[in-house]
Amino acid sequence: LPPPDWMVDDITFELEAAPQDGSAPVRAALTKNFARRKPLRVAYLPIEYDGLRPPDPVDAAYWLLRMYPVPGIDYYRLPMPDLKWEGDVGKSELLRKLLYTYWFFAQYQPSEPRPDQLFGWLPRELYNGGASDPFWCPNCAGPHSSRVAFGGLRPEQDIGGPRILVHEIAHNLGAQHAWSPTQQEDGGCFKAPGADIQVDPAWPYSQTPFIQEVGIDLYSNPPVIHPPSVYDMMAYCTRPCVSPHTYRRIFDSPFLQPHVSELL
């Protein structure tokens with residue numbers, strides 16, 4: 001890969017191939033525009049429920065980094081006491097409590113860097129999936145800050161909890177749901193029949209949840225090449241990657257613009 005310092009503004013890549021038969025070299029050029037995005041700071045907070053505390057999530061930073069168009073991920077435990085919850089888990093109430101915790105930390109720890117996102121981890125099996133608070137969805141639960149989300153560490157046949165983390169925070173960054181088949185239509189998916197998941201009206205790949213293009217995971221060792229038939233991370237399906245459409249949604253997020261104000 002080219003050095004990161006090169007990848008700013010318009011960059012032209014030139015390729016020259018010399019045929020083995022001694023004929024004239026073949027040349028090709030490609031110009032692309034590169035724009036900077038700032039690293040993403042994601043703090044997490046365990047949520048204790050009825051004496052149960054979630055285990056520390058594993059590989060969460062890795063999954064965020066391999067899915068998002070960011071140069072780095074700072075994933076860390078928010079230096080605040082665990083959130084204790086009693087009674088039923090309601091989306092709105094829990095999101096509001098997390099947002100209150102977020103602003104409380106920002107007000108009383110002004111010397112500490114403020115996270116871009118706060119994610120609450122519930123004990124596994126307590127909640128089916130997760131929830132977020134996207135600014136673009138006024139009919140969703142919560143105060144629509146796009147700062148907080150939560151999820152459960154339920155065991156799954158794929159990456160489990162980290163997939164929920166990546167999916168829910170992507171909502172806060174501007175991504176909406178990909179089209180998803182039901183579990184009866186595709187065994188790799190888990191959308192219930194009749195469920196309204198509010199598919200992105202601009203989703204360009206009609207009746208398919210796939211990424212459409214070859215995906216390259218440079219953060220695995222060795223790197224992994226994903227075929228175009230892999231599911232997009234915003235679909236209700238397993239083993240996700242990211243499509244060009246979802247990538248652009250996140251890339252354009254106001255939270256990732258360089259020099260963005262922390263008061264956003």
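A: Start with the term. On a 1 Å grid over the protein atoms alone, a pocket is an open set of points where a 1.4 Å probe fits, with protein on both sides within 12 Å along at least five of seven lines; lining residues have an atom within 4 Å of a point. Its volume is the space filled by probe spheres set on the points, which are joined across faces, edges and corners.

The largest pocket holds about 1600 Å³ of space. Its lining has 34 residues, and the closest to the centre are Met 7, Phe 34, Pro 69, Tyr 247 and Phe 251. Two or more lining residues come from each of strand E2 (26–34), helix H1 (60–67), strand E9 (215–217) and helix H4 (244–251). Helices (H or I, at least four residues) and strands (E, at least two) are DSSP runs, numbered from the N terminus.

This is a predicted model: local features need pLDDT of at least 70, side-chain atom pairs count only at pLDDT 80 or more, and totals for chains, interfaces and linings use all residues. Residues are numbered from 1 along each chain as its sequence is written, and side-chain values use heavy atoms, leaving out hydrogens and water.

Now look at H4. It gives the largest share of the lining, four residues.
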